[in-house]
Amino acid sequence: QVQLVESGGGLVQAGGSLRLSCAASGSIFSIDTMAWYRQAPGKQRELIASIAQGGGTNYADSVKGRFTVSRDNAKNTLYLQMNSLKPEDTAVYYCNALIFTIRAMNYWGKGTLVTVSS
């Protein structure tokens, strides 16, 4: 059974930094695109960063220049380096990945809370 587990969330002051991790485990053949989403209170979940298996990245305008997504394919782990954090970055951050086992399926982690105080 495949699992995605996020870690690294917490409380940080505005202007600070956090690094999120997402580890995939289970009977994994390969992982295609991995991504970070976030959901702020009262808002819809939004895609903020994605990274292809080969390393190509995309970012939402709201985080471009402040957040950096990366992955370690050998460890099946996704990262999100978040710098210059703002109160509006407060949200639950979710990891998402297209994982090939017997077949390709889209998996989600349970999320990690990031709170940015002003």
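1. **Surroundings of Arg 38.** In this predicted model, Arg 38 lies in strand β4. Beyond four places in sequence, Arg 38 touches Gln 44, Arg 45, Glu 46, Ile 48, Ser 62, Val 63, Phe 67, Glu 88, Asp 89, Ala 91, Val 92 and Tyr 93. Arg 38 is buried, with a relative accessible area of 6%. That value counts as buried because the cut-off is under 20%.

2. **Arg 38 with Asp 89.** These two side chains form a salt bridge, with 2.9 Å from N to O. The pair links distant parts of the chain. Arg 38 sits in β4 (residues 30-39), while Asp 89 belongs to the loop between β8 (77-82) and β9 (91-100). The two residues are 51 residues apart. Asp 89 is buried too, at 1% relative accessibility.

3. **Arg 38 with Glu 46.** A salt bridge also joins Arg 38 to Glu 46. Their closest N and O atoms are 2.8 Å apart. Glu 46 is partly exposed, with a relative accessible area of 33%. Asp 89, by contrast, is buried.

4. **Salt bridges overall.** How many salt bridges does a search of the whole structure find? The search finds four. Shared partners join Arg 38, Glu 46, Arg 66 and Asp 89 into one network. Another salt bridge pairs Asp 61 with Lys 64, with the closest N and O atoms 3.2 Å apart. Asp 61 is exposed, with a relative accessible area of 66%. In general, side chains of opposite charge can pair when their charged atoms come close.

5. **Met 82.** Setting aside neighbours within four places in sequence, Met 82 is in contact with Gly 16, Ser 17, Leu 18, Leu 20, Arg 66, Phe 67, Tyr 93 and Val 114. One of these, Arg 66, belongs to the salt-bridge network. Phe 67 and Tyr 93 are also among the residues that Arg 38 touches.

Note on methods. Residues numbered from 1 in each chain as written. Predicted model: local features only at pLDDT ≥ 70, side-chain atom pairs only at ≥ 80, totals over all residues. Heavy atoms only, no water. Buried < 20%, exposed > 50% of the residue type's maximum accessible area, 1.4 Å probe, protein only. Helix = DSSP H or I, 4+ residues; strand = E, 2+ residues; numbered from the N terminus. Contact = heavy atoms within 4.5 Å.
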